[in-house]
Amino acid sequence: RSPLHTMPVVVSDKLAALSCMEFYDAHKKLVEAACGTALAVLHESVIPSWYDELAHWKRSRNDLTFGKRPLNAVVIVCGGSVVTPELLVKWKNDFGL
């Protein structure tokens, strides 16, 4: 059995859009909402529950190293060929961000 663990996470459209905006602000790269969904896992409102669930999983497997090393996450960032800065503004207005 692999020592790696994957965990499904559900995020709202609003959080996906916010993640797209934050990624654009930080990196000046446009990404589509599907990518924003993946980026949303890194958002502070998602990480605590994700981290707690991972901690529980590791404790249940008697992994005593939890807490001694950082939690790593890999997010694959795809392009945003249909996203424009104007669309980000529309999402901001639509979601009240």
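This is a predicted model: local features need pLDDT of at least 70, side-chain atom pairs count only at pLDDT 80 or more; totals for chains, interfaces and linings use all residues.
Biologist: How many residues does α1 have, and what span does it reach from its first C-alpha to its last?

Modeller: Helix α1 has 15 residues and reaches 21 Å between those two atoms, close to the 21 Å expected at 1.5 Å a residue.

Biologist: Which residues of α1 are buried?

Modeller: Buried in α1 are L15, A16, A17, S19, C20, M21 and F23. Their cover includes α2 and α4.

Biologist: Which residues make up the largest nonpolar core?

Modeller: A nonpolar core joins buried residues through side-chain atoms within 4.5 Å. Here the largest one has 10 residues: A17, C20, M21, F23, V31, C35, L39, V83, L88 and W91. At least two residues come from each of α1 (13-27), α2 (33-40) and α4 (85-95). Helix α1 gives the largest share, 4 residues.

Biologist: What does V83 touch, leaving out residues up to four places away in sequence?

Modeller: V83 touches L30, V31, E32, L88 and W91 on that count.

Biologist: How many salt bridges are there?

Modeller: Side chains of opposite charge can pair when their charged atoms come close. The count here is 1 salt bridge. D94 forms it with K90, and the closest N and O atoms are 2.6 Å apart.

Biologist: Where do D94 and K90 lie?

Modeller: Both are in helix α4, 4 residues apart, which is about one turn of the helix. An α-helix has 3.6 residues a turn, so residues three or four places apart point the same way.

Biologist: What is the relative accessible area of K90?

Modeller: K90 has 45%, so K90 counts as partly exposed.

Note on methods:
Residues are numbered from 1 along each chain as its sequence is written. Side-chain values use heavy atoms; hydrogens and water are left out. Buried means under 20% relative accessible area, exposed over 50%, partly exposed in between (1.4 Å probe, protein chains only). Contact means heavy atoms within 4.5 Å. The expected span of a helix is 1.5 Å times one less than its number of residues. A salt bridge is a side-chain nitrogen of Lys or Arg within 4 Å of a carboxyl oxygen of Asp or Glu.
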